[in-house]
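Work through the exercises below with the sequence and the model side by side. Each task is followed by a solution in steps.

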Amino acid sequence: MSIDENLCFDITDALRLYGVEEPGTYEISDNSHGDGDKRFTIFASCPKGEEIVIKAARNSFTTPERVEGWAELTEHYNNLGVYAPRFLRSADGEYGTYLGDYCIYAEEFAKYSPDETISREASAEALLTSLGRVAANPAQSVPWPSPYAMFDKFCTEYEVPEIYENALNIMREVREKFPEYESRTAAIMKEYERRRAEFEPVYRALPKAVFQADMNNTNLLFNGGEFVGLMDFNLSGTDAILDYAFYESCYFIKSDLDGITQGDPRIISVEERIRRNFAYVAREYAFNDAERAAFNTFYNLAFPFWGHNFVMYKKWIHDHGALYIPQILDFIEFHMTRTDISLQDII
């Protein structure tokens with residue numbers, strides 16, 4: 001079955017929503033994430049020279065209401081000097097609408113492109129400084145979280161928030177594969193959940209902003225080698241600024257964490273990089289006293305189960321079985337309980 005058949009609507013009907021009566025050639029990209037999250041992008045070139053990008057999604061988090069919020073956020077980013085392809089209103093004046101069970105929306109062709117020859121590290125300073133600008137000039141809050149949010153599910157497909165899911169997943173795997181560590185994993189999770197519950201009211205009181213929330217390499221736009229903006233706002237949401245800054249700062253960290261296998265849970269290079277990246281954000285956003293006071297506890301809850309670390313735990317277990325389980329658990333406990341993480345001198 002072709003992609004066209006999978007769409008369950010006529011592409012011509014989608015183009016006509018945006019005033020394109022005689023479509024020329026078009027290409028379709030399938031960006032789906034399983035049967036429960038269908039996403040397609042239609043790149044159309046029209047006889048009169050118009051170019052349009054139409055997106056079709058069938059999932060729980062793509063609705064006309066959310067598309068409206070994404071469109072407003074792209075305008076906000078552009079007003080702050082961070083380029084984002086603008087959303088286009090349909091002939092009916094709507095940003096998003098339904099064709100069958102797909103939510104349809106459209107964007108202008110991006111003026112700039114991703115550049116895989118530019119390392120993410122090379123864009124860290126410009127990107128994180130722009131993150132600080134968005135945080136310092138927050139858009140109107142939207143009533144849904146970003147996927148990074150520590151205590152809220154992004155969509156109905158999530159059973160629990162991502163970081164908590166990582167914690168449950170890795171501890172369950174250790175317990176089920178290596179029952180000799182059952183009591184230790186239980187003790188770690190009991191302490192983690194105690195700390196998590198205790199921190200929730202603090203977290204919810206932290207300053208928030210609405211962010212693009214998907215700064216992977218394919219979404220970073222460059223002009224002449226310089227970072228200029230972002231595209232793909234479909235994961236946008238409200239988040240604690242401290243949370244979002246931490247996640248995006250960590251994306252500029254590359255470490256295989258091999259020190260864990262040597263029994264050393266400290267990773268000084270990573271900590272220095274986090275400090276440097278937060279300093280970039282702080283060029284335009286002034287972290288307040290509550291955020292500075294909360295950072296250590298936030299680190300305790302987020303860093304041990306942050307995505308890159310979680311992937312490494314899974315890889316070591318897959319490649320080495322029980323060999324490094326003590327070191328993995330040592331590493332998690334160390335970072336979950338340490339009290340020496342401070343950004344007071346940075347933010």
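**Exercise 1. List the buried residues of α9 and state what covers them.**

Step 1. The buried residues of α9 are Glu291, Ala294, Phe295, Asn296, Phe298, Tyr299, Asn300, Leu301 and Ala302. Buried means under 20% relative accessible area, exposed over 50%, and partly exposed in between, with a 1.4 Å probe and protein chains only. Helices (H or I, at least four residues) and strands (E, at least two) are DSSP runs numbered from the N terminus.

Step 2. The cover over these residues includes α5, α6, α7, α8 and α11.

Before going on, note that this is a predicted model, in which local features need pLDDT of at least 70 and side-chain atom pairs count only at pLDDT 80 or more, while totals for chains, interfaces and linings use all residues. Residues are numbered from 1 along each chain as its sequence is written, and side-chain values use heavy atoms, with hydrogens and water left out.

**Exercise 2. Is Arg338 buried or exposed, and what does Arg338 contact?**

Step 1. Arg338 lies in the segment after α11. Arg338 counts as buried because its relative accessibility is 7%.

Step 2. Beyond its neighbours within four places in sequence, Arg338 is in contact (heavy atoms within 4.5 Å) with Glu271, Asn296, Tyr299 and Asn300.

Step 3. Arg338 and Asn296 are 42 residues apart in sequence, with their C-alpha atoms 8.1 Å apart.

**Exercise 3. Describe the largest cavity and its lining.**

Step 1. A cavity is a set of points on a 1 Å grid over the protein atoms alone where a 1.4 Å probe fits but cannot get out, and lining residues have an atom within 4 Å of a point. Grid points are joined across faces, edges and corners, and a volume is the space filled by probe spheres set on the points.

Step 2. The whole structure has 3 cavities of 30 Å³ or more. The largest cavity has a volume of about 50 Å³.

Step 3. Its lining consists of Glu271, Ile274, Arg275, Phe295, Tyr299, Ile341 and Leu343. α8 (268-281) and α9 (289-302) each supply at least two of the lining residues, and the largest share, 3 residues, comes from α8.

Note on methods. 1 Å grid on protein atoms, 1.4 Å probe; cavity = no way out; pocket = protein on both sides within 12 Å on 5 of 7 lines; lining within 4 Å.
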